Amino acid sequence: MNLSIEWIYETPTKQQITYRSESIPAAHAFLLIEDMKKTGRMKTYSLTDEHDSEWTMKELKKYLQELEIEPHNVQLYFDGGFNREEKLAGLGVVIYFEQNNQHYRLRLNQQAHYLISNNEAEYAALLFAIEQLEELGVHHQAIEVFGDSQVVINEMNGEWAVSDNALASWADKVDAKLQKLGLTAIYQYVERKQNDEADQLANQALSGTEIFAKQQVKRKK
(Lines give C-alpha, C1' and ligand atoms only; values in the text may rest on other atoms or scores of the structure.)
Protein backbone atom coordinates (compact mmCIF):
# COMPACT_ATOMS: atom_id res chain seq x y z
CA MET A 1 0.00 0.00 0.00
CA ASN A 2 1.16 3.52 -0.84
CA LEU A 3 0.16 6.69 0.99
CA SER A 4 0.30 10.42 0.34
CA ILE A 5 1.11 12.77 3.21
CA GLU A 6 -0.26 16.28 3.51
CA TRP A 7 1.12 18.38 6.34
CA ILE A 8 1.37 21.95 7.56
CA TYR A 9 4.91 23.15 8.36
CA GLU A 10 5.42 26.14 10.61
CA THR A 11 8.56 28.26 10.17
CA PRO A 12 10.48 29.88 13.09
CA THR A 13 8.60 33.13 12.26
CA LYS A 14 5.23 31.31 12.63
CA GLN A 15 4.48 31.25 8.90
CA GLN A 16 2.62 28.12 7.87
CA ILE A 17 3.14 26.28 4.59
CA THR A 18 1.18 23.26 3.34
CA TYR A 19 3.02 20.43 1.61
CA ARG A 20 1.78 17.25 -0.06
CA SER A 21 4.04 14.33 -0.85
CA GLU A 22 3.89 11.99 -3.79
CA SER A 23 2.51 8.51 -3.17
CA ILE A 24 5.11 6.55 -1.20
CA PRO A 25 5.24 3.09 0.46
CA ALA A 26 3.36 2.90 3.76
CA ALA A 27 6.46 2.04 5.78
CA HIS A 28 8.30 5.07 4.37
CA ALA A 29 5.35 7.33 5.19
CA PHE A 30 5.30 6.10 8.78
CA LEU A 31 9.03 6.74 9.30
CA LEU A 32 8.83 10.14 7.60
CA ILE A 33 6.05 11.37 9.87
CA GLU A 34 7.81 10.05 12.97
CA ASP A 35 10.93 11.97 11.93
CA MET A 36 9.06 15.19 11.09
CA LYS A 37 7.29 15.10 14.47
CA LYS A 38 10.68 15.38 16.16
CA THR A 39 11.27 18.80 14.56
CA GLY A 40 8.27 20.28 16.37
CA ARG A 41 7.39 22.24 13.23
CA MET A 42 4.78 19.91 11.75
CA LYS A 43 1.49 21.32 13.04
CA THR A 44 -0.98 18.91 11.43
CA TYR A 45 -0.87 16.06 8.92
CA SER A 46 -3.11 13.60 7.10
CA LEU A 47 -2.48 10.27 5.39
CA THR A 48 -4.44 9.17 2.31
CA ASP A 49 -4.19 5.89 0.38
CA GLU A 50 -4.82 5.13 -3.30
CA HIS A 51 -8.55 4.78 -2.63
CA ASP A 52 -8.80 8.21 -0.96
CA SER A 53 -9.26 6.60 2.46
CA GLU A 54 -7.63 8.42 5.37
CA TRP A 55 -5.38 6.62 7.87
CA THR A 56 -4.32 7.52 11.39
CA MET A 57 -0.81 6.75 12.60
CA LYS A 58 -2.29 4.19 15.01
CA GLU A 59 -4.04 2.40 12.13
CA LEU A 60 -0.90 2.57 10.00
CA LYS A 61 1.29 1.14 12.75
CA LYS A 62 -1.13 -1.75 13.25
CA TYR A 63 -1.23 -2.38 9.49
CA LEU A 64 2.57 -2.51 9.26
CA GLN A 65 2.76 -4.90 12.21
CA GLU A 66 0.15 -7.19 10.64
CA LEU A 67 1.92 -7.05 7.30
CA GLU A 68 4.85 -8.96 8.77
CA ILE A 69 2.62 -11.97 9.44
CA GLU A 70 0.32 -11.61 6.43
CA PRO A 71 1.24 -12.40 2.80
CA HIS A 72 2.89 -9.45 1.04
CA ASN A 73 5.23 -8.59 -1.87
CA VAL A 74 2.92 -10.60 -4.10
CA GLN A 75 3.84 -11.58 -7.67
CA LEU A 76 1.05 -13.33 -9.55
CA TYR A 77 1.32 -15.26 -12.85
CA PHE A 78 -1.76 -16.49 -14.71
CA ASP A 79 -2.54 -18.35 -17.92
CA GLY A 80 -5.62 -19.76 -19.60
CA GLY A 81 -5.74 -22.57 -22.16
CA PHE A 82 -8.77 -23.38 -24.28
CA ASN A 83 -9.95 -26.48 -26.19
CA ARG A 84 -12.37 -25.24 -28.85
CA GLU A 85 -13.81 -28.65 -29.70
CA GLU A 86 -14.73 -29.49 -26.12
CA LYS A 87 -15.29 -25.88 -25.04
CA LEU A 88 -13.08 -26.65 -22.08
CA ALA A 89 -10.65 -24.27 -20.43
CA GLY A 90 -7.66 -24.85 -18.20
CA LEU A 91 -6.69 -22.15 -15.70
CA GLY A 92 -3.16 -21.98 -14.32
CA VAL A 93 -1.96 -19.76 -11.48
CA VAL A 94 1.40 -19.25 -9.75
CA ILE A 95 1.66 -16.88 -6.77
CA TYR A 96 4.92 -15.84 -5.15
CA PHE A 97 4.67 -14.06 -1.80
CA GLU A 98 6.44 -13.37 1.49
CA GLN A 99 5.11 -14.21 4.93
CA ASN A 100 6.81 -14.30 8.33
CA ASN A 101 10.13 -13.43 6.67
CA GLN A 102 9.90 -16.50 4.43
CA HIS A 103 9.33 -16.77 0.66
CA TYR A 104 6.64 -19.03 -0.76
CA ARG A 105 5.25 -20.23 -4.08
CA LEU A 106 1.67 -21.41 -4.56
CA ARG A 107 0.88 -23.40 -7.73
CA LEU A 108 -2.66 -24.40 -8.60
CA ASN A 109 -4.99 -24.97 -11.51
CA GLN A 110 -8.63 -25.59 -12.35
CA GLN A 111 -10.83 -26.68 -15.24
CA ALA A 112 -13.56 -24.33 -16.44
CA HIS A 113 -16.52 -25.24 -18.62
CA TYR A 114 -18.80 -23.29 -20.97
CA LEU A 115 -16.29 -20.58 -21.92
CA ILE A 116 -16.28 -19.59 -25.57
CA SER A 117 -12.77 -18.34 -26.38
CA ASN A 118 -9.13 -18.36 -25.39
CA ASN A 119 -9.39 -14.70 -24.33
CA GLU A 120 -12.25 -15.59 -22.01
CA ALA A 121 -10.12 -18.40 -20.56
CA GLU A 122 -7.32 -15.91 -19.89
CA TYR A 123 -9.72 -13.59 -18.05
CA ALA A 124 -11.14 -16.52 -16.08
CA ALA A 125 -7.59 -17.47 -15.06
CA LEU A 126 -6.94 -13.92 -13.85
CA LEU A 127 -10.13 -13.88 -11.76
CA PHE A 128 -9.30 -17.33 -10.38
CA ALA A 129 -5.89 -15.99 -9.36
CA ILE A 130 -7.35 -12.95 -7.58
CA GLU A 131 -9.77 -15.23 -5.74
CA GLN A 132 -6.77 -17.21 -4.45
CA LEU A 133 -5.31 -13.99 -3.05
CA GLU A 134 -8.50 -13.56 -1.04
CA GLU A 135 -8.08 -17.10 0.30
CA LEU A 136 -4.49 -16.29 1.30
CA GLY A 137 -5.60 -13.15 3.13
CA VAL A 138 -3.88 -10.68 0.79
CA HIS A 139 -5.40 -7.21 1.08
CA HIS A 140 -4.70 -3.46 0.93
CA GLN A 141 -1.45 -3.52 -0.99
CA ALA A 142 -0.02 -3.31 -4.50
CA ILE A 143 0.48 -6.60 -6.34
CA GLU A 144 2.37 -7.41 -9.54
CA VAL A 145 0.36 -9.34 -12.13
CA PHE A 146 2.11 -11.08 -15.04
CA GLY A 147 0.47 -12.68 -18.06
CA ASP A 148 1.28 -13.56 -21.67
CA SER A 149 -2.11 -12.42 -23.02
CA GLN A 150 -1.68 -8.98 -24.59
CA VAL A 151 -5.47 -8.65 -24.73
CA VAL A 152 -6.00 -9.14 -21.00
CA ILE A 153 -2.95 -7.20 -19.85
CA ASN A 154 -3.54 -4.21 -22.14
CA GLU A 155 -7.27 -4.10 -21.43
CA MET A 156 -6.82 -4.33 -17.68
CA ASN A 157 -4.13 -1.63 -17.56
CA GLY A 158 -6.31 0.67 -19.66
CA GLU A 159 -4.13 0.79 -22.78
CA TRP A 160 -6.77 -0.96 -24.88
CA ALA A 161 -10.53 -0.45 -24.74
CA VAL A 162 -12.59 -3.53 -23.85
CA SER A 163 -14.92 -3.78 -26.84
CA ASP A 164 -16.18 -7.35 -26.35
CA ASN A 165 -19.15 -7.52 -23.98
CA ALA A 166 -18.22 -10.93 -22.60
CA LEU A 167 -14.67 -9.83 -21.84
CA ALA A 168 -15.93 -6.55 -20.35
CA SER A 169 -17.99 -8.61 -17.89
CA TRP A 170 -14.89 -10.54 -16.83
CA ALA A 171 -12.88 -7.34 -16.50
CA ASP A 172 -15.59 -5.85 -14.26
CA LYS A 173 -15.50 -8.94 -12.03
CA VAL A 174 -11.72 -8.67 -11.67
CA ASP A 175 -11.90 -4.96 -10.84
CA ALA A 176 -14.68 -5.55 -8.32
CA LYS A 177 -12.69 -8.26 -6.55
CA LEU A 178 -9.56 -6.10 -6.44
CA GLN A 179 -11.54 -3.18 -5.03
CA LYS A 180 -13.13 -5.40 -2.39
CA LEU A 181 -9.68 -6.52 -1.24
CA GLY A 182 -8.17 -3.04 -1.43
CA LEU A 183 -5.59 -4.24 -3.98
CA THR A 184 -3.85 -2.21 -6.66
CA ALA A 185 -2.77 -4.41 -9.56
CA ILE A 186 0.32 -3.52 -11.59
CA TYR A 187 -0.10 -5.39 -14.87
CA GLN A 188 2.91 -6.50 -16.90
CA TYR A 189 2.99 -8.43 -20.17
CA VAL A 190 5.57 -11.23 -20.39
CA GLU A 191 6.54 -13.65 -23.15
CA ARG A 192 5.19 -17.20 -22.87
CA LYS A 193 8.59 -18.58 -21.86
CA GLN A 194 8.53 -16.25 -18.84
CA ASN A 195 5.09 -17.59 -17.97
CA ASP A 196 5.90 -21.27 -18.43
CA GLU A 197 4.85 -22.34 -14.92
CA ALA A 198 1.32 -20.98 -15.28
CA ASP A 199 1.14 -22.27 -18.88
CA GLN A 200 2.06 -25.79 -17.77
CA LEU A 201 -0.55 -25.69 -15.03
CA ALA A 202 -3.23 -24.59 -17.50
CA ASN A 203 -2.33 -27.48 -19.83
CA GLN A 204 -2.40 -29.94 -16.93
CA ALA A 205 -5.86 -28.71 -16.01
CA LEU A 206 -7.02 -29.32 -19.59
CA SER A 207 -5.75 -32.90 -19.39
CA GLY A 208 -7.56 -33.45 -16.09
CA THR A 209 -4.58 -33.21 -13.71
CA GLU A 210 -5.36 -31.01 -10.71
CA ILE A 211 -2.51 -29.28 -8.90
CA PHE A 212 -2.44 -27.49 -5.55
CA ALA A 213 1.05 -27.10 -4.12
CA LYS A 214 2.54 -24.59 -1.70
CA GLN A 215 6.23 -24.64 -0.86
CA GLN A 216 8.95 -22.46 0.58
CA VAL A 217 11.30 -21.16 -2.08
CA LYS A 218 14.14 -18.75 -2.63
CA ARG A 219 13.20 -15.14 -3.31
CA LYS A 220 11.56 -14.63 -6.73
CA LYS A 221 13.56 -12.12 -8.78
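1. Two strands are said to pair if DSSP finds at least two bridges between them, and helices (H or I, at least four residues) and strands (E, at least two) are DSSP runs numbered from the N terminus. In this sense strand β6, residues 72-83, and strand β9, residues 141-147, pair in parallel over four bridges, and within β9 the bridge partner of Leu76 is Val145.

2. The model is a predicted one, in which local features need pLDDT of at least 70 and side-chain atom pairs count only at pLDDT 80 or more, while totals for chains, interfaces and linings use all residues. Residues are numbered from 1 along each chain as its sequence is written, and side-chain values use heavy atoms, with hydrogens and water left out.

3. The chain has six helices and 11 strands, and its C-alpha atoms fill a box of roughly 80 × 40 × 25 Å along the principal axes. Of its 221 residues, 46% count as buried, where buried means under 20% relative accessible area, exposed over 50%, and partly exposed in between, with a 1.4 Å probe and protein chains only.

4. Six strands form an open sheet of mixed pairing, in the order β10-β9-β6-β7-β8-β11. Because β10 (183-189) and β11 (212-216) stand at the edges with a single partner strand each, one side of each is left without a neighbour in the sheet. The twist averages 20 degrees from one strand to the next, with axes being lines fitted to C-alpha atoms, for helices over the stretch in contact, and angles running from 0 to 180 degrees between N-to-C directions.

5. Helix α3, residues 118-136, packs on this sheet and touches β6, β7 (88-99), β8 (102-113), β9 and β10, contact meaning heavy atoms within 4.5 Å. The direction of α3 makes about 145 degrees with that of β6.

6. Which residues other than glycine have a positive phi? Asn100 has one of about 55 degrees, and His140 has one of about 45 degrees. A reader may wish to note this because most residues other than glycine have a negative phi. Asn100 lies in the loop between β7 and β8 and is partly exposed, with a relative accessible area of 43%. His140 lies in the loop between α3 and β9 and is also partly exposed, its relative accessible area being 30%.
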